[in-house]
Amino acid sequence: MSPIYQGGAIHYGNLAAAPTSPAPTEGSTYWETDVDTRYVFDGTDWHSIDMTTTAYTGGSSTNWWKSEGIQDNDTWNAEKGGKNLTENGNDDLVYTASDSDFNNNKSLKDSGGYSRMVSTGSNGHLWNAQNEGYSAMAVIKKSSHGGAFSTADAMWCHVEDTSTPSDTYGHGLYGDHIWTHNSTQRWGDGLDTGTEPLYGIYLVRFDNSGHGEIQFWGGTSVANAKSASSWSTLGSHNSGGWPDYPASNSAVGISLFNFMGTTNTGHRWRGSIAEFIYWKGTKISDTERDLFKDYAKPKFFPS
């Protein structure tokens with residue numbers, strides 16, 4: 001069937017991939033058969049219009065920081081949970097209003113310093129340490145890894161104290177790190193995911209007993225992230241309990257890009273974050289995980 005031209009827009013019909021010939025114009029559409037979704041062209045990029053599911057509103061998450069909530073390199077407004085993230089450190093995170101790595105959505109990037117985006121509250125406000133599970137997912141680009149001293153890269157952390165990184169529990173693609181308590185972490189920096197950069201969707205989830213896993217959906221390029229078809233399990237921990245630290249009921253908040261209270265750049269996250277979502281008290285199911293993935297993939301890495 002030939003494309004239909006209407007008012008300057010082109011309607012291509014059913015296709016397995018985004019059309020390139022004739023060149024799409026603003027308002028052009030096609031139905032992508034491999035994901036059962038309609039796409040519309042805005043003059044620059046294709047965007048999905050999901051016709052098979054309702055709009056994603058965060059599922060059962062307790063806290064959600066959408067890409068749209070990033071205001072600048074100092075403020076990231078919350079979509080759910082009512083706790084905005086604010087910059088703390090030496091004001092060196094880089095804000096991008098239209099990041100081509102993430103389908104021209106907003107992002108924040110580490111620039112080599114020790115800044116972080118932080119939300120804090122009372123003890124147990126985002127995690128009752130050792131008393132409950134948790135899950136987190138993020139849309140990321142990991143640019144590089146600094147070696148053993150950069151265990152876990154502190155992509156995100158449970159903040160133990162607002163003035164010191166001591167006992168703070170940090171996570172990243174390469175594992176985890178408990179500041180000053182290296183021997184008690186679950187994976188250390190042993191989860192080598194290969195060559196950087198890495199683009200995609202990150203997941204970590206733990207149950208109430210401290211059993212959990214780290215998973216990743218993506219690859220070493222934007223194209224790989226777009227074509228990814230399954231989750232990779234980077235590491236799992238299914239025996240024993242929580243680490244000895246942090247102590248029970250000691251987590252007062254969350255930080256992205258680095259540990260709270262440090263001027264050390266060795267553990268910082270080397271890369272960008274476009275979206276972050278968190279479940280307090282829950283090791284989410286595969287169904288809940290895939291609700292976010294099915295929302296995030298066409299938004300940030302459309303086919």
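Which side chain does lysine 299 meet in a salt bridge? Its partner is glutamate 68, with 2.8 Å from N to O; a salt bridge here puts a side-chain nitrogen of Lys or Arg within 4 Å of a carboxyl oxygen of Asp or Glu. Before going on, a word on the model: it is predicted, so local features need pLDDT of at least 70 and side-chain atom pairs count only at pLDDT 80 or more, while totals for chains, interfaces and linings use all residues. Residues are numbered from 1 along each chain as its sequence is written, and side-chain values use heavy atoms, with hydrogens and water left out.

Back to that pair. Lysine 299 sits in helix 2 (residues 286-300) and glutamate 68 in the loop between strand 6 (63-65) and strand 7, so the bridge ties together parts that are 231 residues apart in sequence. Helices (H or I, at least four residues) and strands (E, at least two) are DSSP runs, numbered from the N terminus. Lysine 299 counts as buried at 14% relative accessibility, whereas glutamate 68, at 42%, counts as partly exposed. Buried means under 20% relative accessible area, exposed over 50%, and partly exposed in between, using a 1.4 Å probe and protein chains only.

The structure holds 12 salt bridges. Another of them joins arginine 270 and aspartate 153 at 3.5 Å, N to O. Here the loop between strand 19 and strand 20 supplies the arginine and the loop between strand 12 and strand 13 the aspartate, so parts 117 residues apart in sequence are tied together. Within it, aspartate 290 meets arginine 289 at 3.0 Å, N to O, and arginine 289 is buried at 8% relative accessibility.

Seven of them form an open sheet in the order 7-8-11-19-13-14-15, with antiparallel pairing; two strands pair if DSSP finds at least two bridges between them. Strand 7 (75-76) and strand 15 (175-178) stand at the edges with a single partner strand each, so one side of each has no neighbour in the sheet. Further in, strand 13 (residues 156-159) and strand 19 (residues 253-256) pair over four bridges, with valine 159 and glycine 253 as bridge partners.

Strand 11 (residues 116-120) carries serine 119, which is buried at 2% relative accessibility. Leaving aside neighbours within four places in sequence, serine 119 contacts (heavy atoms within 4.5 Å) Lys83, Asn84, Leu85, His125, Val252, Gly253 and Ile254.

What about the nonpolar cores? Each is a set of buried Ala, Val, Leu, Ile, Met, Phe, Trp, Tyr and Cys residues joined through side-chain atoms within 4.5 Å. The largest has 37 residues, and Trp76, Ile140, Trp156, Tyr202, Leu256, Phe276 and Tyr278 touch the most other members. Strand 12 (134-142), strand 16 (198-206), strand 17 (212-219), strand 19 and strand 20 (271-280) each give two or more residues to this core. Apart from it lies another core of 21 residues, including Trp64, Ile201, Ala225 and Ala296. As for tryptophan 156, its contacts beyond four places in sequence include Tyr134, Tyr202, Leu256, Phe276 and Tyr278.

Strand 4 (residues 37-41) and strand 5 (residues 46-49) pair in the antiparallel sense over four bridges, with phenylalanine 41 opposite tryptophan 46. Four residues lie between the strands, and glycine 43 takes a positive phi near 105° in this hairpin.
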